[in-house]
Amino acid sequence: MTRRVVILGGGTGGTLVANRLRRKFDSHDLAITVVDQDDEHVYQPGLLFVPFGLAHSEDIVRPRHRQLHDDIEFVEAAIDRVEIDSNRVHLIGGAVLPYDVLVVATGATLLPEETEGLTGPGWMEKVFTFYSPEGAAALAPALSAFEGGSIVVNVVDMPIKCPVAPLEFCFLADWYFHERGIRDKVELTYVTPLDGAFTKPAASRALAGMLADKNIELVTEFNTGEVDGAGGRLVSYDEREIRFDLAVIVPLHGGAAYVGRSPGLGDDLGFVPTDDRTLQADAAANVFVIGDAANVPASKAGSVTHFEGETVVDNIVRHLAGEPLVGGFDGHANCFIETGFHKALLIDFNYDTEPLPGHYPTALGLPLLKESRLNHLGKLLFQSVYWHGLLPGRDIPGIGAAMPTAGKQPVAVREERA
Amino acid sequence: MITMSIASTEVEQNDEGFFVHPEQWTEDMAPELARREGIDPLTDAHWTVLRFMRAEYFDKGTGPTVRVLGKSSGVSVKELYQLFPKGPAKVAARIAGIPKPRGCI
């Protein structure tokens, strides 16, 4: 009997799960359908480079269906809701997809309209985001026309995709205005709701030091209540104000809208409560979650999604065979952090181990928590690995799912501040 | 870890002032905990938030973030900051006797 897997979302997680499953089962045993509302797969790490003219939107977008192996059905449609109890997905327009196993891979959605004033006067004129292809493209001419004044980079609230990206934006902006010879005319300020530059203590200290070295002001514990584009002000809920001539905002994130329309599937923010080791949804035994859509306490990042893939596929296989699941996922994340001037930092961590100095994946590998040209090259080369290794679901040498410890140096760490 | 006497009862707190054992908390401790945060008196609106925080903690294993409070507690984020000016999630968690909400990764 042919069983049916329906995968919601044709991004990083949905694509790699579909391709890995296709290798394990032939189409008589398992029908695989991927649903997405459009056919544009964005290489999201590339968005960071677009505002600085280092990449163009069209270079980082490819058709979703072309990333899927043969014998995987691609349905381009928006999702209305999932009925967990009857194992059915309802699409907008009325079509219904029954499933034996459902994979939720619809990522996170930007919610700029949830912050007062953010999409009001000045939006896409002096208030931007680089988290969408349109926003990143609109920011490029605004930066190149910028001749001096204050730029604020603001994270409205956690969680966000790629928590290091706004810091990278600051570092690249520092480099960009140096190159243009007007760095002394530009004030850069990083404004975060966190109590430090980053969420993990050792990396937070290293990154705060880099901000200071690059003369980027750090404002912490700022909870943005209003963005006043016309007046050029960020206003916090506790009534602090920060003035700007140009603002780069990372808006609130939530889960995909259909999650909220699917009884029992999501939490208050539309993310899907998920076992952080097995990646099975709390809602039902035959629902699995990969990537930013899950509420697991890991970074919302492509590397995490990649490392989750192995566990999700293993557990779908086990579920179909009636075997117990494995708690294989360790929370592994691995992030290149562009620091400007052709250098980058690399951090590698999981649920239990914070980012440590040393080398990745072994003592002879890339330097960790330290700027180097090699890491910058690694970041640039990764785009090719993404399209040709990661999405097709190949194992990538040296980038295993479990966090490696061989090259790491333990450091004295204060109590973790979550 | 610090042992404190609150409302004549010994409780354990961590060095950031969060309860280590939420079950040690009783409602009569809240006014004294609130005064330490500069909040006096505790109004009905404060109590709405405190009860919601505890219910969420025992249901989900972590206290809610400000954003979740604003969406689900019936009190808007603006009002939350009026009630707990120094940061609703952390301050209300301390007064409600639950660990620090793990909002951010």
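Author: Two residues are in contact if their C-beta atoms, placed from the backbone, lie within 7 Å. This is a predicted model: local features need pLDDT of at least 70, side-chain atom pairs count only at pLDDT 80 or more, and totals for chains, interfaces and linings use all residues. Residues are numbered from 1 along each chain as its sequence is written, while chains are lettered from A and ligands numbered from 1 in the order in which they are written.

Reader: What makes helix 1 of chain A and helix 6 of chain A meet?

Author: Their residues pass the contact test. From helix 1 of chain A come A:T12, A:G13, A:L16, A:V17, A:R20, A:L21 and A:K24. Among their partners in helix 6 of chain A are A:G302, A:T305, A:H306 and A:G309. Seven residues of this contact are nonpolar, six polar and two charged. (Gly counts as polar; Asp, Glu, Lys and Arg are charged; Ala, Val, Leu, Ile, Met, Phe, Trp, Tyr, Cys and Pro are nonpolar; the others are polar.)

Reader: Which strands make up the open sheet of chain A?

Author: Five strands of chain A, in the order 5-2-1-9-20, with parallel pairing.

Reader: Why do strand 5 and strand 20 of chain A count as edges?

Author: Each has a single partner strand, so one side of each is left without a neighbour in the sheet. Neighbouring strands of this sheet are turned by 20° against each other on average, direction ignored.

Reader: How do you know that strand 2 of chain A pairs with strand 5 of chain A?

Author: Pairing needs at least two DSSP bridges. Strand 2 (residues 30-36) and strand 5 of chain A have four, and run parallel. A:T33 stands opposite A:E73 in strand 5 of chain A.

Reader: Where does helix 1 of chain A touch the sheet?

Author: On strand 1, strand 2 and strand 9 of chain A; its direction makes about 165° with that of strand 2 of chain A. Helix 6 of chain A lies across strand 1, strand 9 and strand 20 of chain A.

Reader: How many residues of chain B are in contact with chain A?

Author: 14 residues of chain B are in contact with 15 residues of chain A. Helix 3 of chain B gives the largest share of chain B's side, five residues.

Notes
Helices (H or I, at least four residues) and strands (E, at least two) are DSSP runs, numbered from the N terminus. Axes are lines fitted to C-alpha atoms, for helices over the stretch in contact, and angles run from 0 to 180 degrees between N-to-C directions.
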